[in-house]
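Dear colleague,

Please find below the structure that I am handing over to you. I would be grateful if you would look through it alongside the notes that come after it.

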Amino acid sequence: MRLLKFINSINEWIGKVVSLTIFPIIGMIIFEVLMRYFLRRSQLWVPEISVFLFGCLFILGGGYAYLYEAHVKLDVLYDRFSQKTKAITDAITSLFFFLFCGILIWKGSEMAWESIVTLERSPSAFSPLLFPYKLLIPIGSALLLFQGFSKLVLNLNLILNGNKK
C-alpha cells in the first residue's frame, strides 16, 4: 500500500502545482486585452503560450482529477450501486481505461520523439518549439495510468476483502 500512497501523493502534488498555471493564464489574457484595446498592440505570444499552459494544466491534471473522481461518469445507474458493485464495475471498465492510457502513452511518445528529432516548431508567427509540450502527453498519460492502477488495487481489495483500505 506504500506504492499506492506514493502514486496518490505524486498526483496530488502535481495537480496542486499545475493548478497554479491558471494564474499566469489569467494574467496573460488580461495583459493581452489591455494591450489590444488600450494600446492597439496585440501580442503574438500570448494566445499560444496561454493555450500551451492550459494544455499542461489539462494533461498533467488528469491523474489528480482521477484521484478525486472528478472525471465525467454516467451517474444515472452508477450512483444506485452498492460500494462493492461500483468496485466490480470499475474493475471491469479499468481494462478499457488501461488500453486508452497505453495508446496515449504509445502514440504520445511517438509524437513527442518525432517533435524532438525534427525540432518541430509551431506554424505561428511566434513559432515556439513544440516538443516540451508534446512530451507532456506521455508523461501525463503515465500519471493517469498509475492513478488508475492505484484505483484498481483499491477496488480489488474492496471486492475481495470488503474494505477500501
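The notes below cover the cavity, the residues around it and the salt bridges.

This is a predicted model, in which local features need pLDDT of at least 70 and side-chain atom pairs count only at pLDDT 80 or more, while totals for chains, interfaces and linings use all residues. Residues are numbered from 1 along each chain as its sequence is written, and side-chain values use heavy atoms, with hydrogens and water left out.

**The cavity**

A search of the whole structure finds 1 cavity of 30 Å³ or more. A cavity is a set of points, on a 1 Å grid over the protein atoms alone, where a 1.4 Å probe fits but cannot get out; lining residues have an atom within 4 Å of a point. Grid points are joined across faces, edges and corners, and the volume is the space filled by probe spheres set on the points. For the largest cavity, this volume is about 40 Å³.

The lining of the largest cavity consists of Tyr-66, Asp-90, Ser-94, Gly-148, Lys-151, Leu-152 and Asn-155. Helix 6 (83–118) and helix 7 (131–161) each contribute at least two of the lining residues; helices here are DSSP runs (H or I, at least four residues), numbered from the N terminus. Helix 7 gives the largest share, with 4 residues. Sorted by class, the lining has 2 nonpolar, 3 polar and 2 charged residues. In this scheme Ala, Val, Leu, Ile, Met, Phe, Trp, Tyr, Cys and Pro are nonpolar, Asp, Glu, Lys and Arg are charged, and the others, Gly among them, are polar.

**Two residues of the lining**

Ser-94 is found in helix 6. Ser-94 counts as buried because its relative accessibility is 7%, where buried means under 20% relative accessible area, exposed over 50% and partly exposed in between (1.4 Å probe, protein chains only). The side chain of Ser-94 reaches the backbone oxygen of Ala-91 at 2.5 Å.

Lys-151 is found in helix 7 and is buried, with a relative accessible area of 13%. Leaving aside residues up to four places away in sequence, Lys-151 touches Tyr-66, Glu-69 and Asp-90; contact means heavy atoms within 4.5 Å.

**Salt bridges**

How many salt bridges does a search of the whole structure find? The search finds 5, a salt bridge being a side-chain nitrogen of Lys or Arg within 4 Å of a carboxyl oxygen of Asp or Glu. Three of them are described here.

One joins the side chains of Lys-151 and Asp-90 (3.6 Å, N to O). This pair links distant parts of the chain, with Lys-151 in helix 7 and Asp-90 in helix 6, 61 residues apart. Both Lys-151 and Asp-90 are buried.

Another salt bridge is formed by Glu-120 with Lys-134, where the closest N and O atoms are 2.8 Å apart. This pair also links distant parts of the chain: Glu-120 is in the loop between helix 6 and helix 7, and Lys-134 is in helix 7, 14 residues apart. Glu-120 is partly exposed, at 26% relative accessible area, whereas Lys-134 is buried, at 18%.

The side chains of Glu-12 and Lys-16 also meet in a salt bridge (3.0 Å, N to O). Both residues lie in helix 1 (residues 2–19), 4 residues apart, about one turn of the helix. Glu-12 is buried, with a relative accessible area of 18%, while Lys-16 is partly exposed, at 47%.

Yours sincerely

Definitions and conventions
On a 1 Å grid over the protein atoms alone, a cavity is a set of points where a 1.4 Å probe fits but cannot get out, and a pocket is an open set with protein on both sides within 12 Å along at least five of seven lines; lining residues have an atom within 4 Å of a point. A polar contact is a pair of N or O atoms within 3.5 Å; within protein, one must be able to donate a hydrogen and the other to accept it, and residues adjacent in sequence count only if both atoms are side-chain atoms.
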